[in-house]
Amino acid sequence: MTGPRPDQRWHRPWLAAVLAGATLAVLAVAAFGLPHGTGPLPQIARHAMRVALPRWGTTEVVSEVVYGSRGWDTFGETFLLLAAVVAVSLLARGRESRSEYVGEASAGRTEQHETDPDERADGEESEARAAEHGEEDSEQPPAEDADDDPLGEPAPERAIGMTVLVRVGARVAAPIQTVAAVYLAAWGYTPGGGFPAGAALAGVAILLYAALGHRAVRTVVRPSVLEPLELLGAAAIIAVGAVGMIRGSSFGQNWLPLAPQQTIRAGGTLQLFSAAELIEVATGLTIAIFALLGMRHEWTPDEGSDDEGQS
Amino acid sequence: MIVANYLAAAVLFCLGLACVLGRRNLVKIVMGLSLMESSTYLLLVSLAYRNKATAPVLADRPSHTSERDLVHGNVSDPVLQNFCITAVVIGVAVTAVFLTVVVRVAQHYRSTDADDIRELRG
């Protein structure tokens, strides 16, 4: 991988400036036509304010909109998140052996030879390949303790040697953040409930990974744990909605008795939806982030012919 | 002065647009897209604003307001705040997919310069 060439960082900057400037002018004119905080509340918002307490027993109207009035929209969005996580897992997955299917590089080489037999790797590619060979040669068995890893190696370090201060700080902060994240969803005071709570919970895994390295989190942060959990969250969301359809009249209707407001069970099925969303978002974000972090150095292989790397 | 927020959102959007249109580095293009997404969050939350209104929460309301006041519009718009939450989650998901594609492109082409990614060029 090479950095941007200094003289080509911008591609036709004048065109980008003209287009962005024109867009800005249009948006600025439109901005003055938007309501200046004086418009009446739309009908759907008034509806949400009206039904939040009687129908759901929740005082948090934004959560009522997320999981009640516009619950179907949230349902769809959940599965959009799931689709994105599947896409990331698929793209980040390690290369499989090509013993059965067509070897792309060798098939492409024949065609390349027919169209342009004289093409050789340019200087940049040779440099990249040389660096890659160097990386392969310098690979050593990983040290038992991540702190013993030498810094400044060409490959990504397994764990940054964080100081004891950072590690103690992370150990103290992690349980507090975990409790805070679950509290956000459980008591339903937070706009969105499970969404911010799930993001905060995913943050715990990332905090521990950043401070203590992969070994500290690998018992929990692994596909065999996270992927079933994420699908369990998705299944719970479907189940909560479907039971509403069976016991009530519509998908997502409340089917639990309403507890007194501002208690843990105040929202009826809204709280169940929120809890399932917490699992879904927390595991989804963690899977996506760790899939990205775990992407190996898989460069296009040379398949034996050293000449293209050396020319 | 909520117009200032709208204008800030517009400027943020156009900065992102300029980045996407003019930059060649794929990572910076993804950053530009994220900037454009952020501008929509600011716009949605600003649109939810109502003068002298409270948050759309039915508990612990200020002493000078009644529940009737809240229901009849003296609160910021909860639906637009919901849109903002939705937009944040979708933004995260889309950015994650983009970044994964960028890593794979970098590994395949050994470059993050959009100008080098031209194998599909007819």
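Predicted model: local features only at pLDDT ≥ 70, side-chain atom pairs only at ≥ 80, totals over all residues.
Colleague: What share of the residues of chain A count as buried?
Modeller: A residue counts as buried if 20 or more other C-beta atoms lie within 10 Å of its own. Among contacts in chain A between residues at least 6 apart in sequence, 68% join residues at least 24 apart. Of the 311 residues of chain A, the share that count as buried is 30%.

Colleague: How do the elements of chain B run from the N terminus on, and what percentage of its residues are buried?
Modeller: Chain B has 4 helices and 0 strands, and from the N terminus on its elements run α-α-α-α. For contacts in chain B between residues at least 6 apart in sequence, 56% join residues at least 24 apart. Of the 122 residues in chain B, the buried ones make up 41%.

Colleague: Which helix supplies the largest share of the side of chain B that touches chain A?
Modeller: In the contact between the chains, 54 residues of chain B meet 65 residues of chain A. Helices α1 (2-22), α3 (67-71) and α4 (78-109) of chain B each supply at least two residues of the side that touches chain A. The largest share of that side, 21 residues, comes from α4(B).

Colleague: How many residues of the side of chain B that touches chain A are nonpolar?
Modeller: The side of chain B in question consists of the 54 residues that are in contact with chain A. By class, its residues include 12 polar and 8 charged ones, and the number of nonpolar residues is 34.

Colleague: Are α1(A) and α1(B) roughly parallel or roughly antiparallel?
Modeller: Helix α1 (residues 13-33) of chain A and α1(B) pack with their axes 9 Å apart, at an angle of about 160°. The crossing in which α1(A) passes α1(B) is right-handed. Because angles over 145 degrees count this way, α1(A) and α1(B) are roughly antiparallel.

Colleague: How many charged residues are in the contact of α1(A) with α1(B)?
Modeller: Among the residues that make this contact are A:L24, A:L27 and A:A31 of α1(A), together with B:Y6, B:L7 and B:A10 of α1(B). The contact divides into 21 nonpolar and 2 polar residues, and the number of charged residues is given as none, that is, no charged.

Colleague: Is B:Y6 buried or exposed?
Modeller: The place of B:Y6 is in helix α1 of chain B. Leaving aside residues up to four places away in sequence, B:Y6 touches A:A31, A:L34, B:L43 and B:S46, and its C-alpha lies 9.2 Å from that of B:L44, which is 38 residues apart from B:Y6 in sequence. Because B:Y6 has 22 C-beta neighbours inside 10 Å, it counts as buried.

Colleague: Which residues does B:Q81 touch, not counting residues up to four places away in sequence?
Modeller: B:Q81 lies in helix α4 of chain B, and with 23 C-beta neighbours inside 10 Å it counts as buried. The C-alpha atoms of B:Q81 and B:L47 are separated by 9.1 Å, although these residues are 34 apart along the chain. Beyond its neighbours in sequence, B:Q81 touches A:V62, A:P191, B:V45 and B:A48.

Colleague: How far apart are the end C-alpha atoms of α4(B)?
Modeller: At 1.5 Å a residue, the 32 residues of α4(B) should span 46 Å. This helix is followed by B:R110, whose phi is positive, near 55°.

Colleague: What is the handedness of the crossing of α7(A) and α8(A)?
Modeller: Helix α7 (residues 164-186) and helix α8 (residues 194-212) of chain A pack at an angle of about 165°, with their axes 8 Å apart, so α7(A) is roughly antiparallel to α8(A). The contact between α7(A) and α8(A) has 18 nonpolar, 4 polar and 1 charged residues. The crossing of α7(A) and α8(A) is left-handed.

Key. Residues numbered from 1 in each chain as written. Chains lettered and ligands numbered in written order. Contact = placed C-beta atoms within 7 Å. Nonpolar A, V, L, I, M, F, W, Y, C, P; charged D, E, K, R; others polar. Buried ≥ 20, exposed ≤ 12 C-beta atoms within 10 Å, placed from the backbone. Axes fitted to C-alpha atoms, helices over the stretch in contact; angles between N-to-C directions. Parallel < 35°, antiparallel > 145°, perpendicular 65-115°, else oblique. Left-handed = near helix turned anticlockwise from the far one by under 90°. Expected span 1.5 Å × (residues − 1).
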